[in-house]
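Hello,

Here is the structure we spoke about. Please have a look, then read my notes below.

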Amino acid sequence: MIWYPYEQMKTMKAPYKIVDAEGVYLYTEDQKLIDSVSSWWSVIHGYKHPELNRVIEAQLKKFAHVMLGGLTHDPAEKLSEKLQNWLPGDLDYCFFSDSGSVAVEVALKMALQYYMNRGEHQRTMVLALEHAYHGDTFKTMEVGDDEDYHFVLKAYGKSDQVLHIPAEISALEQAFAKYHDRLNCFIAEPLLQGAGGMRMYDISFLKRARQLCDQYGVLLVFDEVATGFGRTGNRFVADLVLPDILVLGKALTGGYIGHAVTVANQKVYEGFYDDNPSHALMHGPTFMGNALACSVALKSIELFEEQDYMSKIRRIEEITRHEMEGFSDPRIKEIRIMGGCVCVEVYDPGTIKGYQQFACEHGVFSRPFLNYLYAMVPYVIGEDELIQVLRTMKKWFS
Ligand SMILES: *Cc1c(COP(=O)(O)O)cnc(C)c1O
């Protein structure tokens, strides 16, 4: 039987069984639902996209997968070339992996080993944000600030290798003043912290982080697994502030196949490029550079460019702002909107209990968590469908 994610299996209610999906719609045996979650924020082009299906089918006729150890192939080469050209600055070196968590692990490993290769053995610490989420593997849980990790804290105690600060410039400056010679990197979900509660903060914080990282020689890592590909209303936040290492996942393949990439800049790459074999990056997920994933990712980026997805996202934000304007309720703490993300934070989690069922009755699939009711819709959503998603949220409070 299936052991479902993030669920107490004893009390879990039966999941909706999906039998088909197309565009923004999920189909159960007897209902069609707009997917306001985009399958964990990844399905940006909608389901069963004819172009994406076509490239996967074409690649499947050649081969689905070969390993990247000692072998290479067109889909991986073309995708890395595309990313090299498409991503800002000198973010040119693509290390593929099969999930966002693993890609963050790779970024953290790169940052640590970068300094070990240089003989700076005291730089073992990572600076991260409060409410951060970077994945569910052990190191990413440690770097994250997630309640789900608390059982591990009980077992091992708090790590002194990770320092968490609020997204405030004063806290950042203090942390750098005190720990700069022990830090190898500062990692953040830039502008929008997703699983930690759709928390939004200002770009000035990241600009200051870039300055401090430069001043003290600390690497800046952006985990854009969730924010990448337009979700914040920027193509990448890395377009505004350039990190040394960028992590992409979720929407990378348009939500078709689990895949992720850790992209390093020239400086980081050169920290490993050496005659010394022990300076190599010792990592290699079995399914890294999967040919189906790489071919669909390349097509996904082409669609994103050719069909001007940034204007679609601006329109989603406009409609969302217009629809939510003037909406309030005493039970609501705050409504936050950024690009293709809207979040209604309530004071009491009890307030949104039962919302999933209610939304389903109104033709929308939603998955609120804790105090957060949110939507991160596929970018191909029509105006009427988006309004249906937003009005369903508002109706719940009336
Ligand atoms: C989802 C997410 C991850 C983890 O990605 P997986 O593919 O689920 O392992 C890491 N970082 C952020 C910011 C995420 O939103």
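Is Asn 290 buried or exposed? Asn 290 is buried, because its relative accessible area is 11% (buried means under 20%, exposed over 50%, partly exposed in between, with a 1.4 Å probe and protein chains only). Asn 290 sits in the loop between helix 9 (266–270) and helix 10 (291–306). Helices (H or I, at least four residues) and strands (E, at least two) are DSSP runs, numbered from the N terminus. Beyond its neighbours within four places in sequence, Asn 290 is in contact with Ala 64, His 65, Ile 257 and His 259 (contact means heavy atoms within 4.5 Å).

A word on the source. This is a predicted model: local features need pLDDT of at least 70, side-chain atom pairs count only at pLDDT 80 or more, and totals for chains, interfaces and linings use all residues. Residues are numbered from 1 along each chain as its sequence is written, and side-chain values use heavy atoms, with hydrogens and water left out.

Now the ligand. Residues around the ligand (a heavy atom within 4 Å) include Trp 41, Tyr 133, His 134, Glu 189 and Asp 223. A side-chain N or O atom of Ser 101 lies 2.6 Å from a ligand oxygen. For a side-chain N or O atom of Lys 250, the distance to a ligand oxygen is 2.6 Å. Gly 100 uses a backbone N or O atom, 2.8 Å from a ligand oxygen.

Last, the strands. Strand 14 (residues 341–346) and strand 16 run antiparallel, joined by 4 bridges (strands pair if DSSP finds at least two bridges between them). Cys 343 has Tyr 374 of strand 16 as its bridge partner. Tyr 372 and Tyr 374 point one way from strand 16 (residues 372–375), Leu 373 and Ala 375 the other, and all are buried.

Best wishes

Note on methods: Polar contact = N/O pair within 3.5 Å; in protein donor to acceptor, adjacent residues only side chain to side chain.
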